[in-house]
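Hello,

Below are the sequence and structure that I promised to pass on. My notes on what was found follow after them.

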Amino acid sequence: PSYILRELSIDNDKDVVYGIAQNYNTPKEVLIKLSGSEDLTLKYYIAGNPSTPINILKELSVNNNWEVRAAIAWNPSTPIDLLEILIKDEYYNVRRYATENINLPIKNLEDLSKSEDYYVRWSVAKNPLTPKDILITLSKDKSYGVRESVALNPNTPLDILTKLSKDKNTWVKQNIINNPNTPIDILIKLS
């Protein structure tokens, strides 16, 4: 019940308060109050909580701590306008998580797939909503890490999985094996 979560939010044990900050059922007014704390770990947990009000996510998005911004970037409740700011963050982990967020518009994924930053292309390839045409392009990436992500993405077309199953990189092949859509005949060839 919400009254218990309210009581626990003022507990002297930091770990209890951290648990409240992460709990999806914590009342919004409690999350708002906790967000005023200077405790960066607490801010991190609040930033990652999908129940955190949008105005608090926007306030926290300018925090100096990249981990707080990264938590906002992967939060499924983060609005598109904020994700579009976070994909340009100075820290690659923030850009990476924002790129992997399933709410990021396809247009942004298209633009980011051309990034010179390996981590950004890697994250585009990981996003389960990345369109097939982008995955096809990324399957030819010079970076094996990007190809690894394409190999694991459930959207990757079967003909690309077949081509990637012949990749020289072991990690790419392992991700082909772990892709739930890899046909049995390819799995047999890789065994």
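Which residues make a nonpolar surface patch of about 260 Å²? Tyr 3, Ile 4 and Leu 8 do. Patches are made of residues with over 30% relative accessible area and no salt bridge, with like charges joined within 9 Å and nonpolar side chains (Val, Leu, Ile, Met, Phe, Trp, Tyr) within 5 Å. Accessible areas come from the Shrake-Rupley method with a 1.4 Å probe, and for residues only the protein chains shown count as cover.

Before going on, note that this is a predicted model, in which local features need pLDDT of at least 70 and side-chain atom pairs count only at pLDDT 80 or more, while totals for chains, interfaces and linings use all residues. Residues are numbered from 1 along each chain as its sequence is written, and side-chain values use heavy atoms, leaving out hydrogens and water.

Leu 8 is partly exposed, at a relative accessible area of 31%; buried means under 20%, exposed over 50%, and partly exposed in between.

Salt bridges

The structure holds 8 salt bridges, each a side-chain nitrogen of Lys or Arg within 4 Å of a carboxyl oxygen of Asp or Glu. Three of them are described here.

- Arg 69 pairs with Asp 89, with the closest N and O atoms 2.7 Å apart. Arg 69 is in helix H6 (66-74) and Asp 89 in the loop between H7 (80-86) and H8 (92-100), 20 residues apart. Arg 69 and Asp 89 are buried.
- Arg 95 meets Asp 117 at 2.4 Å, N to O. Because Arg 95 lies in helix H8 and Asp 117 in the loop between H9 (106-112) and H10 (118-126), the pair ties together parts 22 residues apart in sequence. Arg 95 and Asp 117 are buried.
- Asp 167 pairs with Arg 147, the closest N and O atoms being 2.6 Å apart. Asp 167 is in the loop between H13 and H14 (170-178), and Arg 147 is in helix H12, 20 residues apart. Both Asp 167 and Arg 147 are buried.

A loop residue

Asn 153 lies in the loop between helix H12 (144-152) and helix H13 (158-164). Is Asn 153 buried or exposed? Asn 153 is buried, with a relative accessible area of 1%. Leaving aside neighbours within four places in sequence, Asn 153 is in contact with residues including Ala 125, Pro 128, Leu 135 and Asn 179, where contact means heavy atoms within 4.5 Å.

Regards

Conventions: Buried < 20%, exposed > 50% of the residue type's maximum accessible area, 1.4 Å probe, protein only. Helix = DSSP H or I, 4+ residues; strand = E, 2+ residues; numbered from the N terminus.
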